[in-house]
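Trainee: I would like to learn how to read this model. Can we take it feature by feature?

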Amino acid sequence: MLLRELQCRIAGLYDAPAEHDVHDFLITDAAHAAALQGAERPPTDEQLLIAECEDGVSVSLYLDATVLERLASRCPLERLTDENLADFCTVLEGVSHFHYFVWCAVRDRGVSLLELELQAEVDKYASALQLTLAQRGGRFPGELFHRMFGCAGFLPHLSQAERARYEEAHHFAARFCRRLEERFLRRRTARPEAMLAELRTFYRLGRHAKLRYAAQWG
């Protein structure tokens with residue numbers, strides 16, 4: 001239910017209806033996920049698995065079972081805190097990757113790894129912001145940006161190319177989300193509708209356009 005709710009939230013946030021239910025494509029068995037990749041074990045707790053087949057592409061989403069178990073006992077939909085934020089981001093990133101990839105595929109639009117990571121970074125912030133505002137009765141969480149972007153780390157086993165991709169996605173997402181806060185939330189009169197319009201515009205841009213759009217907000 002958590003995955004479906006998160007996907008519904010992303011779909012509603014961007015007015016991008018879900019073409020397929022993410023739960024139907026979920027893998028939580030690490031051995032199964034590793035076998036699909038030809039590896040000994042999955043490299044991360046979350047991974048979108050894509051393989052070409054005769055009819056197009058085969059897609060699965062791997063999420064570590066222990067992450068889902070922890071969130072079942074500390075549901076972020078009820079209360080998002082420092083204790084469950086990391087697990088929330090892991091799962092939200094997987095749902096984001098799945099939803100955006102399928103949304104693009106149905107529209108016969110290619111998508112790069114950088115684009116997937118950049119959109120997921122924005123999705124994590126926007127979803128956490130939406131949840132926190134609702135849970136705090138509309139009070140703006142001034143510390144959220146730092147929690148999402150200021151404390152980020154990268155896995156040590158990443159290749160140079162992978163690390164560069166994650167760093168670039170993180171950098172441009174941070175610029176875009178910071179400006180969203182400054183323009184639409186931190187001023188005396190908040191404009192959530194205008195922020196929503198910017199998020200939806202960003203969602204529909206391709207990789208290069210996304211980078212340019214984020215850069216112009218720096």
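Trainee: Which residues have the most contacts inside the largest nonpolar core?

Mentor: First, the ground rules. This is a predicted model, where local features need pLDDT of at least 70, side-chain atom pairs count only at pLDDT 80 or more, and totals for chains, interfaces and linings use all residues. Residues are numbered from 1 along each chain as its sequence is written, and side-chain values use heavy atoms, leaving out hydrogens and water.

Mentor: Now the general idea. In soluble globular proteins, nonpolar side chains tend to be buried together. A nonpolar core is a set of buried Ala, Val, Leu, Ile, Met, Phe, Trp, Tyr and Cys residues joined through side-chain atoms within 4.5 Å. Buried means under 20% relative accessible area, exposed over 50%, and partly exposed in between (1.4 Å probe, protein chains only). Here the largest core has 57 residues, and Tyr14, Phe88, Tyr125 and Leu199 have the most contacts inside it. Helix H4 (residues 82-106) gives the largest share of this core, 12 residues. Helices (H or I, at least four residues) and strands (E, at least two) are DSSP runs, numbered from the N terminus.

Trainee: What is Phe88 in contact with, leaving aside neighbours within four places in sequence?

Mentor: Contact means heavy atoms within 4.5 Å. The partners of Phe88 include Leu6, Leu71, Leu80, Ala128 and Leu131. Lys124 and Ser127 are also among them.

Trainee: How many residues of H5 are buried?

Mentor: 18 of its 23 residues, so to speak, as H5 is mostly covered. For length, the expected span of a helix is 1.5 Å times one less than its number of residues. H5 (residues 113-135) should span 33 Å, and its end C-alpha atoms are 33 Å apart, which agrees. Gly137 follows H5, with a positive phi near 65 degrees.

Trainee: How many aromatic pairs does a search of the whole structure find?

Mentor: Rings of Phe, Tyr and Trp (its six-membered ring) pair if their centres lie within 6.5 Å; planes under 30 degrees apart count as stacked, over 60 as edge-to-face and the rest as tilted. The search finds 11 pairs. Tyr125 and Phe149 have ring centres 6.1 Å apart and planes at 40 degrees, so the pair is tilted. Tyr125 lies in H5 and Phe149 in helix H6 (residues 144-150), so the pair ties together parts 24 residues apart in sequence. Phe145 and Phe149 are also tilted, at 40 degrees, with centres 4.9 Å apart. Both lie in H6, four residues apart, about one turn of the helix. Ring pairs also link Tyr14, Tyr100, Trp103 and Tyr203 into a cluster.

Trainee: What is the order of the strands in the open sheet?

Mentor: Two strands pair if DSSP finds at least two bridges between them. The three strands run S1-S3-S2, with mixed pairing. Strands S1 (26-27) and S2 (46-53) stand at the edges, each with a single partner strand, so one side of each lacks a neighbour in the sheet. S2 and S3 (residues 56-63) are antiparallel over eight bridges, joined by a hairpin through two residues. S1 and S3 are parallel over two bridges.

Trainee: How many disulfides does the structure hold?

Mentor: A disulfide is a pair of cysteine sulfur atoms within 2.5 Å. The structure holds zero. The sulfur of Cys8 is 14 Å from the closest cysteine sulfur, in Cys75, too far for a bond. Cys8 is exposed, with a relative accessible area of 52%.
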